[in-house]
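Here is a short report on selected local features. Please look over the sequence and the structure first.

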Amino acid sequence: MNRPLYFQLPSAEPQRLVEFYHTVFGWTFGRLELLDNIWILVSGDPTLPGLNGIVMGQHMPCTVNVIAVDDLDQRLDKVLAWGGKITTPKQEIEGLGIFAWCADNDDNPFVLMQSSDQLNKAMLQSVSNQIPEAEVTSRPVHFEIPATDMDKVAEFYASVLDWTVQKWQGPIQYTFLMTGDESSAGIDGALMEKANNLYPVNVMSTNDIDMILEKIVKAGGKILMPKEQIPGVGLFAYALDPDNNQFGIMQFNQQQ
């Protein structure tokens, strides 16, 4: 628990956006029958490391990750106690669980969720036999949260969600956030300077970054930052999908 398990993407045209991610990354998509105009993206087995996602109407400014918790009320109390906000009060979505939209102490949005098993089942049922599977080339494996004051924001997540914090001894200011068992569903992440990004982003792994970048452009996305070498890590680039949601692409050294 307390790991990001899903992501939410805003879109003016949800079906067009899920088709983009299917084309670029090979993810399966389908309608979430429990709610109107909600589409899902399945990047892999929901019990394994990585994230699956939901695409919905455009009422969010950016990608928002959904974090599974055991006791939603307890975590919401901690959000407020450590300077965060509850932007949408908790609500039960029948068949999925109880959710609350929040912001951390630097106004980065996230969602807390109690009960994920129902959502796992609904997602997999929704995409079953709907479209032929493409070759899956990557999953979301990492998230980045922009921070004006990294120490302050790190303290928020350590206190509210019990995440472990570790500063990277690399060429830029970067603080890792370890959210739990790396072999379980979900992902770890990091804090970075807010000057570099205004909103949280997810990072997809790949063993061929050039192929992915080419697919992004052909499918109607944009390359925001060309690939560059991060010493000791690998090749990295930022891109935008057709709805201008930002994401990262990472080809780790061992994948080159």
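## A buried serine

A polar contact is a pair of N or O atoms within 3.5 Å; within protein, one must be able to donate a hydrogen and the other to accept it. The model is predicted. In it, a polar side-chain atom of Ser 43 lies 2.5 Å from the backbone oxygen of Leu 51. Ser 43 sits in the loop between β3 (39-42) and β4 (52-57). With a relative accessible area of 4%, Ser 43 is buried, because buried means under 20%.

## Positive phi

Most residues other than glycine have a negative phi. Asp 107 is not a glycine, yet its phi is positive, about 70 degrees. Asp 107 belongs to the loop between β7 (97-103) and β8 (109-114).

Asp 162 also has a positive phi, about 65 degrees. Its place is the loop between α4 (150-161) and β10 (164-167). Asp 162 is partly exposed, at 45% relative accessibility.

## Salt bridges

The structure holds 10 salt bridges. One of them pairs Arg 3 with Asp 188, with the closest N and O atoms 2.8 Å apart. Arg 3 is in the segment before β1 (4-11) and Asp 188 in strand β12, 185 residues apart. Both residues are buried.

Lys 90 and Asp 73 form a salt bridge at 2.7 Å, N to O. This pair links strand β6 to helix α2 across 17 residues. Lys 90 is partly exposed at 44%, and Asp 73 is partly exposed at 40%.

Asp 106 and Lys 194 form a salt bridge at 3.6 Å. These two residues are 88 residues apart. Asp 106 is buried, at 14% relative accessibility. Shared partners join Glu 13, Arg 16 and Asp 243 into one salt-bridge network.

Definitions and conventions
Residues numbered from 1 in each chain as written. Predicted model: local features only at pLDDT ≥ 70, side-chain atom pairs only at ≥ 80, totals over all residues. Heavy atoms only, no water. Helix = DSSP H or I, 4+ residues; strand = E, 2+ residues; numbered from the N terminus. Buried < 20%, exposed > 50% of the residue type's maximum accessible area, 1.4 Å probe, protein only. Salt bridge = Lys/Arg side-chain N within 4 Å of Asp/Glu carboxyl O.
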